[in-house]
There are 2 protein chains.
Amino acid sequence: MSYPDLALHTVTTKSWSISECIEQYARYGIGGISIWRSAVEGEDLCSVQKHVKDAGLTGISLVRGGFFTGKTSSEREAALEENRQALKEAECLGLGSLVLVCGATVGQTPQENYAQIRDGIAALADQAQHMGVRLLVEPLHPIFAGDRSAIPSLKVANDLCSEISHPNVGIALDTYHVWWELDLEAQVQRAAKNGWLDTYHICDFKPDQRDLLNDRGLMGEGCIALSQIDEFMKDAGFDGFREVEIFSHSWWQRDPHEFMEAILTAYHDIYYS
Amino acid sequence: MSYPDLALHTVTTKSWSISECIEQYARYGIGGISIWRSAVEGEDLCSVQKHVKDAGLTGISLVRGGFFTGKTSSEREAALEENRQALKEAECLGLGSLVLVCGATVGQTPQENYAQIRDGIAALADQAQHMGVRLLVEPLHPIFAGDRSAIPSLKVANDLCSEISHPNVGIALDTYHVWWELDLEAQVQRAAKNGWLDTYHICDFKPDQRDLLNDRGLMGEGCIALSQIDEFMKDAGFDGFREVEIFSHSWWQRDPHEFMEAILTAYHDIYYS
């Protein structure tokens, strides 16, 4: 059985090299791949692009840029420079989008962080457009609002896109981060209507997770109403990939093939039944 | 030095008996107390009320009721009965409000949880009013949206109060839960304007917390812009107590007197300087 509408993030199978990711994803019948920067460190990016294409996979996003906030202008300028480097990598890899974890600096208010994020994205949007790489704001769960992202909801990501109002800026929606929003359906509709609903990441949220960062659940292991959110996406006209992105020490400790089988089984159960 | 505008939740010093809490809080010059149900289990509640009064403390809230959600009507009815019991306890203790951790049931959507919460509070509001006990919705950080509360923000708590629209229903705002909201100032204003801004809990949010439940920070240990939020409260006309409620295994392992001193020092630094 193949799953042409399923993609994986390389971090999900992080013990594999980029070549192994590409070959194994293709072998398992998966349709797409999003690439973490760490997975291609030191690699020839043009060769990776060719490998992805030859394997029959669709390359989706480079993950990740962002982290625009900082107490000094030189810190924020360094962040822009780092993002310009990421854009070059995305271009070389033939990936059409860069996912942004937008940043938050302890000691700044949420509003200060938000303003720096807005200014950072606005400063890069034209250049990214010329390179053929869309900038995708990924709202992050408010767990991370202190030190990773001051964009804590799809609502705020929509507000940000509206304020920046640039045709090259959109949104990467991850179920892990936005499942709790009461008005999620309306916000998904709003994003879609404005052309911001670019990509769609799936995994689950375990209420009893032991580690804020690396204990994400396989679909079905947690409390997210995944089928309901999938309906919201379909109703909004989204027809892109469902991308599995799971950080999990417990899964990473197991054989990646075992994890792959578990992902495909969970995917089938939730999205094909 | 005394702090007449400071209150403590008994859970903060949970190794102390209720009598010790009352006596020590008064000795340290603190003005108010909110009482956890577990702290008065098996106690004569009228005597506790008298003890609070004789010590010169103001009793604020009983903590906590709520948990209105459940998959069956009998579970939800049992939750109402438990809340009626809590209301009786609040009445006996002479406490004017019951703080509600509203509930969330894994397997239900956020919208289903919300509807059950709304119906549960609406079912109790008249009775609680007759008993002289206000029902206070405590929005909980979205960390807890899966299994503790589907009211994940002050925005949603305001929406809920608006929908229930009962003069005996208000809000307990805790900085730990709502600090990340970009529109917090507007939501504080909205709550105040409608007469819902009843109580105000303070503590800090550590971005690197190890335990989702019991690793809350003392004010200043985390990333919350506490002074900014305090300005929002003052600007909205709030003139009640600042209530310290900290669940912390690491602080609980230390001598409660050491913790009390640390609380007073942090309180002084942030709110009196």
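In chain A, strand β3 is joined by five bridges to strand β4 (residues 97-101), and the two strands run parallel; helices (H or I, at least four residues) and strands (E, at least two) are taken as DSSP runs numbered from the N terminus, and two strands are held to pair if DSSP finds at least two bridges between them. The model is a predicted one, in which local features need pLDDT of at least 70 and side-chain atom pairs count only at pLDDT 80 or more, whereas totals for chains, interfaces and linings use all residues. Residues are numbered from 1 along each chain as its sequence is written, while chains are lettered from A and ligands numbered from 1 in the order in which they are written.

Within the pairing of β3(A) with β4(A), G65(A) stands opposite L100(A) of β4(A), and the chain passes from β3(A) to β4(A) through helix α3 (residues 73-93) of chain A in a right-handed β-α-β crossover. A crossover is called right-handed if, with the strands pointing away from the viewer, the path from the first strand over the helix to the second runs clockwise. Strand β3(A), which spans residues 58-66, is mostly covered, eight of its nine residues being buried; a residue is buried if 20 or more other C-beta atoms lie within 10 Å of its own, exposed if 12 or fewer, and partly exposed in between, with C-beta atoms placed from the backbone.

Further along chain A, β4(A) and β5(A) run parallel and are joined by four bridges, and V99(A) has L136(A) in β5(A) as its bridge partner. The unit formed by β4(A), α4(A) and β5(A) is a right-handed β-α-β unit. In strand β5 (residues 134-137) of chain A, R134(A) and L136(A) point one way and L135(A) and V137(A) the other way, and all are buried. Three bridges connect β5(A) to strand β6 (residues 169-174) of chain A in a parallel run, V137(A) standing opposite I171(A) in β6(A), and the passage from β5(A) through helix α5 (residues 154-164) of chain A to β6(A) is a right-handed β-α-β crossover. The eight strands of chain A close into a barrel in the order β1-β2-β3-β4-β5-β6-β7-β8, with parallel pairing, and the twist from one strand to the next averages 30°.

In chain B, eight strands likewise close into a barrel in the order β1-β2-β3-β4-β5-β6-β7-β8, and the pairing is parallel. Strand β1 (residues 3-9) and strand β2 (residues 30-36) of chain B pair in the parallel sense over four bridges, and the bridge partner of H9(B) in β2(B) is S34(B). Helix α5 (residues 154-164) of chain B packs on the sheet, where it touches β5 (134-137) and β6 (169-174) of chain B, and its direction makes about 170° with that of β6(B).

The axes of helix α2 (residues 45-54) and helix α3 (residues 73-93) of chain B come within 7 Å and cross at roughly 45°, and α2(B) is therefore oblique to α3(B). Axes are lines fitted to C-alpha atoms, for helices over the stretch in contact, with angles from 0 to 180 degrees between N-to-C directions; angles under 35 degrees count as roughly parallel, over 145 as roughly antiparallel, 65 to 115 as roughly perpendicular and the rest as oblique. In this packing, L45(B), C46(B), V48(B) and Q49(B) of α2(B) meet E89(B), C92(B) and L93(B) of α3(B), contact being assigned if the C-beta atoms of two residues, placed from the backbone, lie within 7 Å.

The contact between the chains takes 21 residues from chain A and 21 residues from chain B. Helix α4 (residues 110-130) of chain A gives the most to the side of chain A that touches chain B, with three residues. H130(A) is found in helix α4 of chain A and counts as exposed, because it has 11 C-beta neighbours inside 10 Å.
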